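Trainee: Could you take a close look at one part with me? I'd like to go through it slowly.

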Amino acid sequence: MMAEAGAGGPRLAELLAAGRRLWDELEAGAEPSSGAPAVQDKVRQGLDALQRATAMVAQLELFSENEELEEIASADLKFLLLPALLGALTLKQVDQSRRLEHLESAREHFLRFLKLCRSYGLGTFQLPPSGPQEEGTESPRGPAGAQPSLVAMAMGRKAKIERYKQKKELENKLASMRSLVEGGTAEEEQLREFYILQIQKWISTSLEEIESIDQEMVILRSRDAARQAPTAPHGPSRPVRAPVRPFILTRDAAQARVFGAGYPGLPTMTVDDWYEQRRRQGIVSGQSLLAGLLLGEPDLGSPPSAGVSDEELQKQQQEKKEEEDDEEALQKARDWDDWKDTHPRGYGNRHNMG
């Protein structure tokens with residue numbers, strides 16, 4: 001039964017032919033990129049033509065689950081390809097923000113085509129599941145679950161090889177019959193066989209595309225789930241400490257004025273200035289400052305140990321005094337300090353200099 005559109009509109013066969021022609025041009029790959037404007041324009045035109053043809057097929061009720069393959073007119077067999085062509089063109093869209101939506105739509109088209117072919121007994125194949133197989137649904141690991149998994153993998157590989165061989169044979173047969181059909185010299189039986197061979201070829205293509213779609217959908221959903229997962233805190237945040245301004249201590253004000261810090265931009269101060277600054281800030285008291293000067297050790301503001309008695313304090317002072325009584329050692333230390341103040345580092349070293 002041939003169908004036509006309303007007055008002035010394109011016929012159903014013309015819409016299918018336009019969609020097939022655009023698909024063939026896209027498969028030829030004349031454009032350098034699938035995202036090129038010219039390519040995507042052809043994709044939109046092809047989808048529009050095939051969608052209009054699909055609506056006309058549904059309106060005319062060309063196919064029914066209650067009829068047999070022999071009841072379909074030979075000229076109408078080619079319209080069984082509409083869902084498969086829609087799925088193939090849908091995959092040609094390159095909008096990454098809607099990639100998951102396009103994959104789901106293409107999968108529905110391919111699955112509808114396979115169900116239609118299955119109802120008419122076209123080909124022997126197993127229908128894919130209604131949705132992609134998510135990760136974690138495989139058989140359990142271990143000795144008990146390993147054997148079914150290996151068997152399934154072997155069967156799947158064998159089925160792929162068999163489909164590939166059948167697809168090559170179908171393509172060779174179609175190539176030998178194409179000239180007769182396109183030239184209009186094919187007989188009724190030859191025309192019918194040509195369309196059935198095309199349908200069987202697209203059955204193999206649809207099974208391959210659904211398998212590829214399922215793999216990509218699992219990857220995209222896992223990626224989206226990882227992006228939406230809240231990031232766990234790494235631990236309690238530490239309070240922000242104010243940066244400490246660096247400074248250099250000098251022995252006296254004269255040395256600070258003459259030599260400076262050695263680095264421009266870094267302030268210098270004498271020990272007395274440093275203690276006076278700490279006292280003004282309330283960090284050290286007058287007593288702790290006096291104790292530090294007597295002992296020869298700077299006090300950083302911590303209170304004196306509660307366990308230090310007057311007897312131990314006197315003992316420490318006595319030891320300090322005995323150390324200072326060694327006039328010879330003290331004089332050598334003073335001479336060495338004075339020499340270092342007036343001679344740069346490495347002065348007088350003449351070894352290995354010729």
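Is D214 buried or exposed?

Mentor: Keep in mind that this is a predicted model. D214 is buried: its relative accessible area is 13%, and the cut-off for that label is under 20%. Now look at what the side chain of D214 meets, namely R107, in a salt bridge with an N to O distance of 2.6 Å. D214 sits in helix α6, while R107 sits in helix α4 (residues 99-119), so this pair ties together parts that are 107 residues apart in sequence. R107 is buried too, at 5% relative accessibility. As a rule, side chains of opposite charge can pair when their charged atoms come close.

Stay on helix α6 for a moment, which covers residues 188-228 and also holds T205. T205 is another buried residue, with a relative accessible area of 12%, and its side chain makes a polar contact of 3.4 Å with that of K167.

The structure holds 13 salt bridges, and one of them links the side chains of E14 and R11 at 3.9 Å, N to O.

Technical notes. Residues are numbered from 1 along each chain as its sequence is written. This is a predicted model: local features need pLDDT of at least 70, side-chain atom pairs count only at pLDDT 80 or more; totals for chains, interfaces and linings use all residues. Side-chain values use heavy atoms; hydrogens and water are left out. Helices (H or I, at least four residues) and strands (E, at least two) are DSSP runs, numbered from the N terminus. Buried means under 20% relative accessible area, exposed over 50%, partly exposed in between (1.4 Å probe, protein chains only). A polar contact is a pair of N or O atoms within 3.5 Å; within protein, one must be able to donate a hydrogen and the other to accept it, and residues adjacent in sequence count only if both atoms are side-chain atoms. A salt bridge is a side-chain nitrogen of Lys or Arg within 4 Å of a carboxyl oxygen of Asp or Glu.
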